[in-house]
Structures are given as structure tokens and as C-alpha cells.
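Subject: Structure for your review

Hello,

Please find the structure below. My notes on it follow.

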Amino acid sequence: MKNHYLFQFIHFIMIATFGLLFLPSCGNQAGQTNTGGALGDDVASQVYVAPGEYDEFYAFMSGGFSGQIGVHGLPSGRLLKVIPVFSTDGEKGYGFSEETKPMLNTSHGFVPWDDAHHPELSQTNGETDGRWIFINGNNTPRIARIDLSVFETVEIIEIPNSGGNHSSPFTTENTEYVVAGTRFGVPYPQKDVAINTYAENFKGMLTYVKVEEDGAMDVAFQILLPAFDYDLAHSGKGNSHGWTFFTTYNTEEKSTLLEVAASQNDKDFIAAVNWKKAEEYIAQGKYQEVPAKYAHNVYDEKTHMATSTMKDKVKVLIPSECPGLVYFLPTPKSPHGVDVDPTGEYIVGNGKLSADLTVHSFTKMKAAIDNQSFETEIAGVPVLKFEEVVAGSVKDAGLGPLHTEFDDKGNAYTSFFITSEVVKWKVGTWEVLDKASTFYSVGHIMIPGGDSKKPQGKYLVALNKITKDRYLPTGPELCHSAQLYDISGDKMKLLLDFPTAGEPHYAQGISADRIVPNVKKFYPIEENEHPYRALGEKDARVERNGNEVHVYMTTIRSHFAPDNIEGIKVGDKVYFHVTNLEQDWDVPHGFAVMGANNAELLIMGGQTETFLWEPKSVGVIPFYCTDFCSALHQEMQGYIRVSPRSSNIALKWGLGEEEVVQ
Amino acid sequence: MKKNLPRILMIIAVLGLGTLFLFPMWKITLIAPQYPKGVTMHIHINKLGGETPAVIQNINILNHYVGMKYIEEDSIPELKYFPYVVMAMMAMGLLMAAVDKPKLYLGWAILLSLLAMAGLYDFYLWEYDYGHSLSPTAPIKIPGASFQPPLFGSKQIISFTAISLPHIGGYFAGSSILLAGLAWWQKSKLDKNETTDSTSDNSHISSERLHTVA
């Protein structure tokens, strides 16, 4: 017996010794799988873009609470530009120059910030075409259009009767419309009512914004629905072209402690909107024209100026008066993203409080509508029967499905927030094929063209909500993290982590060759139609009109004309209209005045921008070029003499030895 | 056909000269670290230009650091009268094709060569002037440095590589000299054959005529 124990003891020691001998090598092996293995597979070279080489794709990442769009290259992840959209940007003078201030005008006045969630590229025949990218402003409901020949925001339209523009902009197949569904129910029309009268007084509005051939946007019509929270959207394609699908939560119609109150219904809805039918009703005049105040801001590339127009009415369609316009598809557990596969047949409802993904069939939906097979009706909207529209479900794939994108091989990829992973599954068989961890808590995912008819399934980007320990720490606030996966093979392979600007929600990717040929290098000066332009140094001058002074200034390497100005008085409103005469790529000039309660100007070649300065005290104030433009950049400076209000100093300006006296 | 070959060659030579009004005759390319693809200036018979409309402005901006004169069309009178010289040569060429004498073709070719050489010399003088007449207040002064671009070929000018070469119009105009030379050669050959042929031909015809008369 004793021997038996001794034998066991010796056996244990032997195993332990062997174990210890083995452990280091096990550890090494594990280490190699995590880091060395990556090098072994040559992951580094997959994301390496040699100096001077271009990335294969552009990635447009929403800036979230930065209100902007971050433009990255893929596969390198390099940040190329931050496009100011809904927030002022001192770096570019956006929202500070007189020309761009109107871009941020709303029915509430100047709003210097927003929360930008979902960039969406324009499409032609369901394919991304590289003309524009749209993005929603969530906080003060708006949609912006960015022109991808200049990577600048050129139009912003406010969405009336809305409270939080989340399910937006999500284009139709030929960019006929971008949409805007309200995330918050709000009283319709806005009025002073008790909040607990939510179910009675509050409404939810879906908005269709028409996009013209030249990109111009206008609110075409709105659809009045119950005050659910309209969360996300995607338009149909192929067979389902002509429809848009909006997810809803809070179908309980509660206004307080939503995390519990809005999570009670076993099924919420996907609202299916037949927008071609809506067009018919509009043509027949079956709408109500209601007063509404909303701003429409347009930037003109010739005048280099934005103008803001306040609109005063909108056409509203009421589903009970417009049969066939909207249907509700019951979908389990507060669906978040709604994503339509490249064929247009399958509508994926990502029930965020569920373990399963529900997939509806467009064909079955149409059949159920044709058979008038409705479960009930809510506010004039027929509710279809779940079992008659569902095509299948992806079972036990993870927990907390949020968003689905597609590749070009019939696979879908879904992000799972709670289990922090991306799950690859087969469209049609609903079989789970692969899982990849994300670091950490992935929100949206993006495959270039992944929500279009023609995905380019080479890379997947995971846009994570939590960063924790992924980068060198930067105090309590950390950058947000994106991760790049190779999805060209059977298994997803993590290639790269890279930080993003603001908080990325959705993103869009596109082949660089769809954008690069159209990119402008500067604005032709002969096309400059700015009312205060100076097309050469001979036009440089200073004009006074009461206490308003207009300085027609030019910049060229390496001086301002004029660079000495006298005769400015305390209390004047001085407008510097600075025209950059450069006609070369990458030669912007900056303009900044000491003590001005303003940002700088950053003026591109051929552009005119205006800087307002209101001097408050006497003195001689320097100004200078803020963008290192040339070998003589440090010499690019000047002075403005500010005299007392009562002084008789004549207006005088000059450059070099030539001085002109008015 | 063969008889008209010299004339056709001469007309092609005239047309070749005419391309000077369609294409630049010379180009100067500046390559620098900041201009990896180069800035290319075009010299036409009657104007200055470049690959993009703003090339002259951009070259002037670069030149002003070292105090070089502004390159301006108005300051170069040749751009005004050279077109007339070319037009006169074209008219003369057509006249010579009409008269169709070998010596005239040769003369035209020689005259055009002389004009081309004079033009190149004039070009050299301008380059010398731009490269040497520097403003005394130039922001950047480099003792002993010459900013004169090369007449032909490549040259390093401080941070720039300057490349000076003929362009489409220049190549066509150059081949006009060769074509006129070819016309002279062909015409001389024809005339020579004709003198030998015509003696026998004439005797043949005259004997025929004699027969008819008889």
C-alpha cells in the first residue's frame, strides 16, 4: 500500500518535472501563435503599404461624437484626412470662416457640434460610385453630403419633426433618396405636454430626402408613424428595390427607464416602407402639407460660400390614409441593425437582446402582403405574421448581434457586442462558419461595398466600442479602435489594430480607383465667383463702409497683399477676404490674427475665405500665414495698425515699397 | 506621281512647319523633391504654356526665391514676330513647290536651317539672361551659382534637374528641313533623268511628227 503511494508520488514528480520541462516550450508555442505566428503568415506584409505607395481602399469612418468623418487607407489603416461635417474645426476654419458658418445653421440657430453615425456612399445600380458620401447628424437631426472630388462637406439638410436622426442616411439603389428615421419619439407637432402622455401625444417620423442628379437634397416627404424608436435602416436592392427597412425598439412606447421598459416586448418590428408607393401617393396629392421649420445649407464651389435657407413646410403621408405604404415585420428582441443581402432577398434583423439572428424573406413578405395575411394593425399599419415572413435564423451564434455585412461569396458577417466577436455565416443555410474575437465589444463592421449589391470581400473592419489596453495608455480617455481582418479565405484573420478619430459607428469602404481619378488638386482661379475675390495683387485693396472694413487680400508664396494696413479703428468689423492665388497642388495658405476671437483660415489654391475680426484695443497687430508654405513661409506676415475710434488716420495699405493711399 | 514627289515633299515640309501653331516647339522640365513628376513648361512659337495652365506661375514662384526675372509673354517680343517669320517661310515654301526648282528647295532648306539656328541662339540668349540677370534683393543668394537652364539636354540647377528638349512642333519643324532637302535631292535626280530621257524622247516624238507631217 505504502509502495503504491510512493509509486504514485514518484509518478507525480515525474509528470510535474516533464511538465515543467514542457511548459516553457508550450509557452513559446503559444507566443508564436499570437505574435510570431502572425509574422510566420506574413501578416505584416499584408498591411504594409510601402512609402509613396497608395492604399487599395478608402475607408470612411464616422467620427461619432466628434461630428466628423475620418478618412483612412486600407489595408494600412493610415489616417488621410478628417473631414469636418457637423462640428466646427479650428484647424480648417470650418464653422469659423464667414463662408462656412451657414453650413452649421439650423432651425435652432448655429449648432457647432453633432454626433455623426453612419456614412453612406452614393450608389449607382446598387454599387458604390464614389461621387458623394452622406452622413447623419444624430443629435440635431440632419443629413450631410460630402463631395468626394474635394472631400469637403457641400450640403446639410435638417430633418423636421424628428428627435435624434439615427436610422439614417442609408441610400437607395440609385441614390434616389437618403432616409432619416427618428430615434426618439417627439410630440407632433412639438408642443408643451406632460412627458407621461408619450403614447398619446408623441409620434415617430420617417423622412425621405430626395437626391438630385447633381447631388442637391430636399425633403421629399415624411411618413407619420407611432412613437417607436426607429433605430437603423437599409434600403432594398434588386427585387426589393423600392423598399426601405427600418428597425424599431421601444414599441412599448415608454418614456422613462427605457433599458427595462423598452425591453419587455418579445418582438419589436422592422418597418417595411414601399417608397415607390409613397411617390404615387405624393403624385396623387394624398399628403398633408404641414408647417415645419428646417434649414437647408448649400456650399457653392464657385462662390466658395455656403448659404442657409429656412424651409417652412413639409409633405406628410399618413399610413391609415395610404394603404400599402408601410408594413410591420415582427422581429425578436429590440432589433438594432437591419441589413439586406446583396441579392435583395434577405432582410437580417439583428435582435440585440437575443442570441439568434432573424432573417426575413422579401419574397415571403410580398406573398404575405398579397394574401392580406395580417396579425393585427397598429395605427393603420398592418402587422405581418412572423412565421409567414421569416426565412430562417442563425442559431446561438453569439450574444448581442448588432450589424451584418456581406461578402461576394454568399457569406454574411455579424458583429456580436456582448460576446465581442464577428461571426461568419452562410446566407441561405444559416450555418455558422467561423468566429473571430474583437478587442473589444464590436459595434458596426464594414466590408468595402458590404451593404451594396457588389461587395468586395477582401477585408473586414471591426469598429470597436471599447479600447482598454490595446494601445499605449493616454489617461482616462482613449482613442477608439478599429481592427482589420483578412476575409479572403475560409477563416477570418486579424491583421491590424488602428486608432480612429472620435468614435466610429458605421463606416464605408470603396476601391480607391473609383475616387482618385476625380479628385481635384486646386480650384481654378478663373472659376472663382466669390463676391469679395481678388484675382490678382492688382485687385488687393481695403474699403471702408461705416464701421465695416473689407480687406481684399491675396496670398501667394510668400507674401500677403497688402501686408501693411493702417486706418483700422477700435470697434470696426474687419472682414479679411483672403484669396489664395496659388494654382498648384498642396499649397494652401493660412491666415491668423493675434487676439482674434476666431480660428484661422486655411485657404486652398484658387479659393476665397473670409475672416471676421473686431479689434477691441489700439495697437499694431501682427498676422501671419499658418501653413508652412515655402522656404520663406516665416517671412509671410504683416501688420494692422488699430487706432482709436476718434482718430483721423486715413485708410492706407501697401506691399513692399508701393503704398496706396485712399 | 514620281514627277510630283518633290512638290509633295515640299508641301509636307510646309505643313510640318505649320504644326508650330498647333503644338509647343520646346519644353523645359524641372524636377525637384517637391515636384517628383516635374513641372513642364512649353514654349510655343507664339506663346508660353505648360502641361497645366498654371505652370508659368508656378515656375515664376520658384524662380523668385533666387531673384530670377518673371517669365512673361509680354516681355518676349519674339513671340510676336516669330509667327510671321514662320508664316512667311510657309508661303515661300508653297511658292517654291509651285515653281518646283531643285535650287529653290535647297535654298529653302538652308534658310530654314539658318533661322532654326538663329532661333536656338536667341533661345540661348534668353536662357542666359534669365539665368544671370538676378535681382540684387533676391531672398536666396548662392554665390557662383548659375540658374541658366540647358539649351539641350539635362543640367542640375541647385535642387532642380532641368531638362530642355524639343517638343512635337519642334520635331516636325526640324523634319521640314530634312523634307525640303529630300525634295531638292529627288528633284535634282528627276531633272537629271529627264535631261537624258528627254533627248531620246524628243527625237522619237519629232520623228513621229515628221512622219505624220509626211
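Of the 662 residues in chain A, 51% are buried; a residue counts as buried if 20 or more other C-beta atoms lie within 10 Å of its own, as exposed if 12 or fewer do, and as partly exposed in between, with C-beta atoms placed from the backbone. This is a predicted model, in which local features need pLDDT of at least 70 and side-chain atom pairs count only at pLDDT 80 or more, while totals for chains, interfaces and linings use all residues. Residues are numbered from 1 along each chain as its sequence is written, and chains are lettered from A and ligands numbered from 1 in the order in which they are written.

Chain A overall

Chain A has seven helices and 47 strands. Helices (H or I, at least four residues) and strands (E, at least two) are DSSP runs, numbered from the N terminus. Along the principal axes, the C-alpha atoms of chain A fill a box of roughly 110 × 75 × 45 Å. Among contacts in chain A with a separation of 6 or more, 61% are between residues 24 or more positions apart; two residues are in contact if their C-beta atoms, placed from the backbone, lie within 7 Å.

Chain A is divided into domain 1 (57-518) and domain 2 (532-661), with bounds that come from an automatic or database domain assignment. Eight residues from domain 1 of chain A and 12 residues from domain 2 of chain A form the contact. On the domain 1 side, the residues divide into one nonpolar, four polar and three charged. Here Ala, Val, Leu, Ile, Met, Phe, Trp, Tyr, Cys and Pro count as nonpolar, Asp, Glu, Lys and Arg as charged, and the others, Gly among them, as polar. The C-alpha centres of the two domains of chain A lie 44 Å apart.

Backbone points to check

Two cis peptide bonds are listed here. One joins Tyr188(A) and Pro189(A), with omega about -10°; Pro189(A) sits in the loop between strand S12 (186-187) and helix H3 (198-201) of chain A. Another runs from Arg557(A) to Ser558(A), with omega near 5°, and Ser558(A) is in the loop between strand S37 (548-556) and strand S38 (559-561) of chain A.

Ser630(A) touches both Arg557(A) and Ser558(A), not counting residues up to four places away in sequence. Ser630(A) belongs to the loop between strand S44 (619-624) and strand S45 (637-643) of chain A. Ser630(A) is buried because 20 other C-beta atoms lie within 10 Å. From Ser630(A) to Ile556(A) the C-alpha to C-alpha distance is 9.9 Å, across 74 residues in sequence.

Glu253(A) has phi near 55° and lies in the loop between strand S16 (243-249) and helix H4 (258-261) of chain A. Glu253(A) counts as partly exposed because it has 17 C-beta neighbours inside 10 Å. His304(A), not a glycine either, has a positive phi of about 55°; the place of His304(A) is the loop between strand S18 (288-300) and strand S19 (305-317) of chain A. With 25 other C-beta atoms within 10 Å, His304(A) is buried.

Helix H5 of chain A

In helix H5 (residues 275-283) of chain A, the buried residues are Trp275(A), Ala278(A) and Tyr281(A). They cover an arc of only 100° around the axis, so they are on the same side of H5(A); the arc is that of the directions from the helix axis to the C-beta atoms. An α-helix has 3.6 residues a turn, so residues three or four places apart point the same way. The buried residues of H5(A) pack against several strands of chain A, including strand S11 (177-182), strand S13 (202-211), strand S14 (217-226) and strand S17 (267-274). On the face turned away from the buried side, H5(A) carries the exposed residues Lys276(A) and Ala283(A). Just after H5(A), Gly285(A) takes a positive phi of about 80°.

Chain B

The axes of helix H3 (residues 78-99) and helix H4 (residues 102-132) of chain B come within 10 Å and cross at roughly 170°. Axes are lines fitted to C-alpha atoms, for helices over the stretch in contact, and angles run from 0 to 180 degrees between N-to-C directions. H3(B) is therefore roughly antiparallel to H4(B), a term for angles over 145 degrees, with under 35 counted as roughly parallel, 65 to 115 as roughly perpendicular and the rest as oblique. By class, this contact of H3(B) with H4(B) has 10 nonpolar, one polar and two charged residues.

Between the chains, the contact takes six residues from chain B and six residues from chain A. The chain B side has four nonpolar, two polar and no charged residues.

Regards
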